[in-house]
Amino acid sequence: MTRHLRDAEFVDFAEGTLAPPRAVHLDACAVCRAQAETVAAALREASAVEMPDPSPLFWDHFSARVREQVAHETPERAAWWALSGVRALLPLVAALAVVVVVSVTWLPRLTHAPGATDALASSHASGALAADGEVPAGVDTQDAEVWAVLAAAASDVGVDDAHAAGMGMRPGAVDHAVTHMNQAELNELGRLLQSELKGSGH
Amino acid sequence: MLTRTWSAAEQAESGCRVTVTNQTDAELVAACLAGERGAFDVIVERHRRHVYQLCYRFVGNHEDASDLAQDVFIRAYRGLRTFKSQASLGTWLYRIGVNVCLNRVSVKTPKPESLEPLIAMSDQRVASQAESATESLLRSERAGQVRAAIARLPKKQRATLVLRVYHDLAHEEIANILGSSVGAVKANFFHALNNLKKLLRDMP
């Protein structure tokens, strides 16, 4: 015997669109036939219920109520980011943000001498991490402009758009990042956590 | 993009008096946005019956359905600028209607009119003379039970059943309105019908 009907196929049966090969199974399977009859009977019963129309007077009254409400309303202006052209560009903006992040944070590490990297790390460790919108300490003037562009772009990128652009974290990414931090980065993380705890009153 | 356009006959049914206009829905929306408030009156007249029926099927009573339908049009007016003219206004209104109904249902338990006659409902199908009063009463009672059972279905199942059975939308259109897949819509419809049968079986 072939496999039993799936949920969608019971619907197809009730609506008269079940594929012939599956109808063969239905003829041979009492379980499926009983279920199919139940679904079909429920559909017949629901379909038989007429929709009572309101009084003819209701419609004029209804339209008048809507008209009265609308008189106090103005169609809302669509947000600029909701416009189709701009919306289509959001994943691209998010992707660009990733590129900028990489160029600002990782390329200097690869190109700077070890001493320079240590200096940057120690400046972070001493509490010089940037506040929102400010350029972090250790970023040079040229990078500062890039940082400003990144901050402006990131402020308009939602989590969903970031995910759509492939910026989502892999499972275990946080664990991996923490276990691979150097001492300066761990110190900075500890400082940030402490300041957050103080700020939240814990 | 799936679109749903209602025929002239359907539109002529939408209420008792339909403003005669040759303007398409998209033209009416453009006119509204240009500040012509009368154009929105035409939109309301054209679509009010379908929107009201959708709401009525959800909540099962005239009073709430009327309030919800009004809310649908107010929200539609506010969001008119977001309507894309290549889509169908009918489908767009259905989507707003389903959202309004689902949100309402989530905060308020529906109070369906079950067996009592609906107030101010005039266009009931007239029972044929051959049909006895008892048969008519039984049929009316059963219809009330079915409405009450539908009002007790989980909201997504209810939305699917209402759109499919009473608004004759294709599964693809329902998927578009509910933001799900055709497979999910069919599965919801299956469970809705199954649950409907169970609820009717448990009724006295």
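Two residues are taken to be in contact if their C-beta atoms, placed from the backbone, lie within 7 Å. By this criterion, in the predicted model, 36 residues of chain A are in contact with 47 residues of chain B. On the side of chain A that touches chain B, the elements giving two or more residues are helix H1 (7–14), helix H3 (30–47) and helix H4 (56–70) of chain A. H4(A) provides the largest share of this side, with ten residues. The side of chain A that touches chain B comprises 22 nonpolar, five polar and nine charged residues.

Within chain B, a helix pair was examined. Two packed helices are described by the angle between their axes and the distance between the axes. For helix H6 (residues 133–151) of chain B and helix H9 (residues 182–202) of chain B, the axes come within 9 Å and cross at roughly 125 degrees. H6(B) is therefore oblique to H9(B), and the crossing in which H6(B) passes H9(B) is right-handed. The contact joins Gln145(B), Val146(B), Ala149(B) and Ile150(B) of H6(B) to Leu196(B), Leu199(B) and Leu200(B) of H9(B). Six of the residues in this contact are nonpolar and one is polar, with no charged residue.

Most residues other than glycine have a negative phi. Phi of Asp168(B), however, is near 55 degrees, a positive value in a residue other than glycine. The count of other C-beta atoms within 10 Å of Asp168(B) is 9, and a residue is exposed if this count is 12 or fewer; Asp168(B) is therefore exposed.

Terms used. Residues are numbered from 1 along each chain as its sequence is written. Chains are lettered from A and ligands numbered from 1 in the order in which they are written. This is a predicted model: local features need pLDDT of at least 70, side-chain atom pairs count only at pLDDT 80 or more; totals for chains, interfaces and linings use all residues. Axes are lines fitted to C-alpha atoms, for helices over the stretch in contact, and angles run from 0 to 180 degrees between N-to-C directions. Helices (H or I, at least four residues) and strands (E, at least two) are DSSP runs, numbered from the N terminus. Angles under 35 degrees count as roughly parallel, over 145 as roughly antiparallel, 65 to 115 as roughly perpendicular and the rest as oblique. A crossing is left-handed if the near helix is turned anticlockwise from the far one by less than a right angle, and right-handed if clockwise. Ala, Val, Leu, Ile, Met, Phe, Trp, Tyr, Cys and Pro count as nonpolar, Asp, Glu, Lys and Arg as charged, and the others, Gly among them, as polar. A residue is buried if 20 or more other C-beta atoms lie within 10 Å of its own, exposed if 12 or fewer, and partly exposed in between; C-beta atoms are placed from the backbone.
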